[in-house]
Amino acid sequence: MLKLDSVSKVYRVGAFGGRELKAVSDVSFEVGEGEVVSLIGESGSGKSTLGRMILRLASISGGRITLDGRDITSIKDRKEYYRQVQGVFQDPFSCYNPVFRADRVFAMIKEQYFPQAGADEWRKRVEGALESVRLDPGNVLGKYPHQLSGGQLQRMLIARAVLLDIRLLVADEIISMLDASTRIDVLNLLADLRARGLGILFVTHDLSLGNYVSDRTVVLRHGKIVEMGRTDLVFGNPAHPYTRSLLASVPRLHAKWTDAVPEDVPCAFHEAPQESRTRPGLAEVEGDHFVACAGCGASKIKENA
Amino acid sequence: MALNVTDLRVYYRTLRGEVKALDGVTFSVADGEIMGLAGESGSGKSTLAKSLIRLDGRMRHVGGTVELDGKTMPLADDTGMDRFRFREVSLIPQYSMSALNPTRKIGKMVGELLDSRGERLERAELERRLELVGLSKDVLDRYPIELSGGMKQRVVMVISTLLNPSLLIADEVTSALDVSSQKAVATTLLGFRDRGLVTSMMVVTHDISLVYQIADTIMVMYAGRLAEKAPAEVLVTAPRHPYTKQLISALPEVGVRYEDRRLTGIPGNPPSLLKPPGGCRFRDRCPLAFDQCAEQPPFAEVAPGHFVACWKAE
């Protein structure tokens, strides 16, 4: 459904924009219908920039992003695009105007997208959307943002996106600000929406959250994909040293950190046969599991030879 | 005993009345103990940490005592606390990134800070301390803006421990960092204790799996009160308070997938601390609640070193 084809983003930095910073370089992956793809990376990996490009909040410097084969930048009517693709962001508290009641976000959707809907019919739809995110409409409608918890506000924002009958949700760190006892409810909610055929791009820095909910995982580092594929393969059998070190640093319950011994494993990308390099810069080490070069210097050796 | 807190109460003044953020907290931290202090937002964990350093204008010390190495700390007396601050109790603040003066080089700033406290420190010792946290001595000649977030965090950690405090409080020091820097910062904290630079430590966090990596004991707070304190291993594997149990089972781990095992959160919300209900504050969300919960359960020792505030904890 959504397809990224060697997407790059270059920011101008420094005084007068004299220098260039490549935040995202040549990233390609797909998000299918009813599929949760998690985009994992540390700060500066370009994961949020990718989310913003998909939401058309940032321009694309190179490559193409297509929705059902249509270049998203060619869709002139932004509203038409946002009927299908919506985003939810990290901080639910800053998404509401504290002066107005929280359900104003729904009224604004009606005004902008469904001006002809009748009041009764609209109320039913709002209630349906709230129930689909497991909120009791009587409990949250008519309340001000400060009267609701972070988890409730975040779920209302998801309900707002669901109202539009979207096909793709970009969820950028939506769990990070929530407490442990409520974050799992929001995660389960994403899984339920997936079952209804919604494609979800789940952007996170937390590997355990990504692992819990996603079908496929893309690991980013410095704007490049280092490893991607089916979640159980990427986490169960990580082929890139960066993924391994990330996994080793995740604090776990029931297991203490062990001091990672620097391992001398051959670079999975250059070990793989030439014909497995089915994507630019990535080798398919097993079915639906791609890995990039570990920075082993093998490419240089070849050039010299 | 390094730290003895008895029935500490600290309330916040607001326009609508007093918020009972810390309502009768009794515990102790032994010499050499690293205690993790975990809880969700609004549980009072940061209020507890702040109370031991400085009460800000809205906070009021309502009752209870705090003893450090046998000396009572005058919590409500802002100038009297100066004898303790930095020397006996030191804090690594939550936003270390913004704790450094941007107009001073690190070395000069540290010098001025020590001067203001009437202390002196050999430059060689300072360099040795920087080396311990993996920084080169060159950072002393740099401005804060030239350092990365993780480096600034480590500079602040060095400064906080310069005078070998008896108690070090680390308030959410890893929350803003990437997983790999989190690990580095957490192991550095452990190193401070192991090298005897600080006697004991309180690590405040919302991330139980992180604090489990380094803490000897973990204390869990809920709605301004203590729920449970136990050795880290025991708290994670065999918690006895229903809140701790549900909290730990709600944490997704690497390896747990939604399809295999669907985790559940804790239904409901914590009570408002403006007019908190009587009795056990977890009562409304607790699956085990019964009549006796209308009465506040004591924070009782159910096994050596294992304290629980629940009537049903056996």
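Trainee: What places the feature "domain: ABC transporter" at residues 2-247 of chain A?

Mentor: UniProt does, in an unreviewed entry. Its annotations may be inferred rather than shown by experiment. This is a predicted model: local features need pLDDT of at least 70, side-chain atom pairs count only at pLDDT 80 or more, and totals for chains, interfaces and linings use all residues. Residues are numbered from 1 along each chain as its sequence is written, with chains lettered from A and ligands numbered from 1 in the order written.

Trainee: What makes up the span of residues 2-247 of chain A?

Mentor: 37% helix and 27% strand. Helices are DSSP runs of H or I, at least four residues; strands are runs of E, at least two. The end C-alpha atoms lie 28 Å apart.

Trainee: Why is α4(B) called roughly parallel to α5(B)?

Mentor: The axes of α4 (residues 149-160) and α5 (residues 179-194) of chain B cross at roughly 10°. Angles under 35 degrees count as roughly parallel, so the term applies to α4(B) and α5(B). The axes, lines fitted to C-alpha atoms, come within 11 Å.

Trainee: Which residues of α4(B) and α5(B) make the contact?

Mentor: Gly150(B), Gln153(B), Arg154(B) and Met157(B) of α4(B), with Ser181(B), Ala184(B), Val185(B) and Thr188(B) of α5(B). Contact means C-beta atoms, placed from the backbone, within 7 Å.

Trainee: How many residues of chain A are in contact with chain B?

Mentor: 30 residues of chain A, against 33 of chain B. On the side of chain A, α7(A) gives the largest share, seven residues.

How values were computed. Axes are lines fitted to C-alpha atoms, for helices over the stretch in contact, and angles run from 0 to 180 degrees between N-to-C directions. Angles under 35 degrees count as roughly parallel, over 145 as roughly antiparallel, 65 to 115 as roughly perpendicular and the rest as oblique. Two residues are in contact if their C-beta atoms, placed from the backbone, lie within 7 Å.
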